[in-house]
Amino acid sequence: MDYYKILELDPVSASHEEITSSFRRLSLKYHPMKSADNLSSNQKEFSKVCEAYDVLSNTELKSTYDKFGLSGL
């Protein structure tokens, strides 16, 4: 799982502001209550977006993820 890809960000130049902005945009797009028709798929995507944001918004976890990838977490 590539957290930068989930948040639609460039891993080299993603700033904290870009991470936050992308999270807000995507969380509104995939919020499970947004559409009852796509509830299951929205829940899955929303969970991925939240997980990616949890890691990339934390400077220590982001640093570890950038160095070692998902296995470093």
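Analyst: We may begin with Ser13, which is partly exposed, with a relative accessible area of 45%. Please note that this is a predicted model.

User: Why is Ser13 called partly exposed?

Analyst: Buried requires under 20% relative accessible area and exposed requires over 50%. Ser13 has 45%, so the term partly exposed applies. Ser13 lies in the loop between H1 and H2.

User: What makes the pairing of Ser13 with Asp10 a polar contact?

Analyst: The two side chains come to 3.0 Å, and the cut-off for a pair of N or O atoms is within 3.5 Å. The pairing therefore counts as a polar contact.

User: What is noted about the backbone of Glu8, and where does Glu8 lie?

Analyst: Glu8 has a phi near 55°, a positive value in a residue other than glycine. Glu8 belongs to the loop between helix H1 (3-6) and helix H2 (16-30). Its relative accessibility is 47%, so Glu8 counts as partly exposed.

User: How is the chain as a whole built?

Analyst: The protein chain has four helices and zero strands, and its elements run α-α-α-α from the N terminus on. Along the principal axes, the C-alpha atoms fill a box of roughly 40 × 25 × 15 Å. Of the 73 residues, 30% count as buried. Among contacts with a separation of 6 or more, 44% come from residues 24 or more positions apart.

User: Why are H2 and H3 described as roughly antiparallel?

Analyst: Two packed helices are described by the angle between their axes and the distance between the axes. The axes of H2 and helix H3 (residues 39-56) come within 9 Å and cross at roughly 165°. Angles over 145 degrees count as roughly antiparallel, and H2 and H3 therefore receive that description. Their crossing is left-handed.

User: Which residues of H2 and H3 meet, and how do they divide by class?

Analyst: From H2, the residues are Ile19, Thr20, Phe23, Leu26, Ser27 and Tyr30; from H3, they are Asn42, Glu45, Phe46, Val49, Cys50, Tyr53 and Leu56. The residues of this contact divide into nine nonpolar, three polar and one charged.

User: Why does Lys62 count as buried?

Analyst: The limit for buried is under 20% relative accessible area. Lys62 has a relative accessibility of 18%, so Lys62 counts as buried. Lys62 is found in helix H4. Leaving aside residues up to four places away in sequence, Lys62 touches Tyr4, Ala14, Ile19, Val55 and Leu56.

User: How do you know that Tyr4 is buried?

Analyst: Tyr4, in helix H1, has a relative accessible area of 3%. The limit is under 20%, so Tyr4 is buried. Not counting residues up to four places away in sequence, Tyr4 touches Leu9, Asp10, Pro11, Ala14, Leu56, Lys62, Tyr65 and Asp66. Tyr4 and Leu56 are 52 residues apart in sequence, and their C-alpha atoms are 8.2 Å apart in space.

User: Why are Asn38 and Lys29 called partly exposed?

Analyst: Asn38, in the loop between H2 and H3, has 39% relative accessibility and so counts as partly exposed. Lys29, in helix H2, has a relative accessible area of 48% and is therefore partly exposed. Both values fall between the limits of 20% and 50%, which means that the term applies to each.

How values were computed. Residues are numbered from 1 along each chain as its sequence is written. This is a predicted model: local features need pLDDT of at least 70, side-chain atom pairs count only at pLDDT 80 or more; totals for chains, interfaces and linings use all residues. Side-chain values use heavy atoms; hydrogens and water are left out. Helices (H or I, at least four residues) and strands (E, at least two) are DSSP runs, numbered from the N terminus. Buried means under 20% relative accessible area, exposed over 50%, partly exposed in between (1.4 Å probe, protein chains only). Axes are lines fitted to C-alpha atoms, for helices over the stretch in contact, and angles run from 0 to 180 degrees between N-to-C directions. Angles under 35 degrees count as roughly parallel, over 145 as roughly antiparallel, 65 to 115 as roughly perpendicular and the rest as oblique. A crossing is left-handed if the near helix is turned anticlockwise from the far one by less than a right angle, and right-handed if clockwise. Contact means heavy atoms within 4.5 Å. Ala, Val, Leu, Ile, Met, Phe, Trp, Tyr, Cys and Pro count as nonpolar, Asp, Glu, Lys and Arg as charged, and the others, Gly among them, as polar. A polar contact is a pair of N or O atoms within 3.5 Å; within protein, one must be able to donate a hydrogen and the other to accept it, and residues adjacent in sequence count only if both atoms are side-chain atoms.
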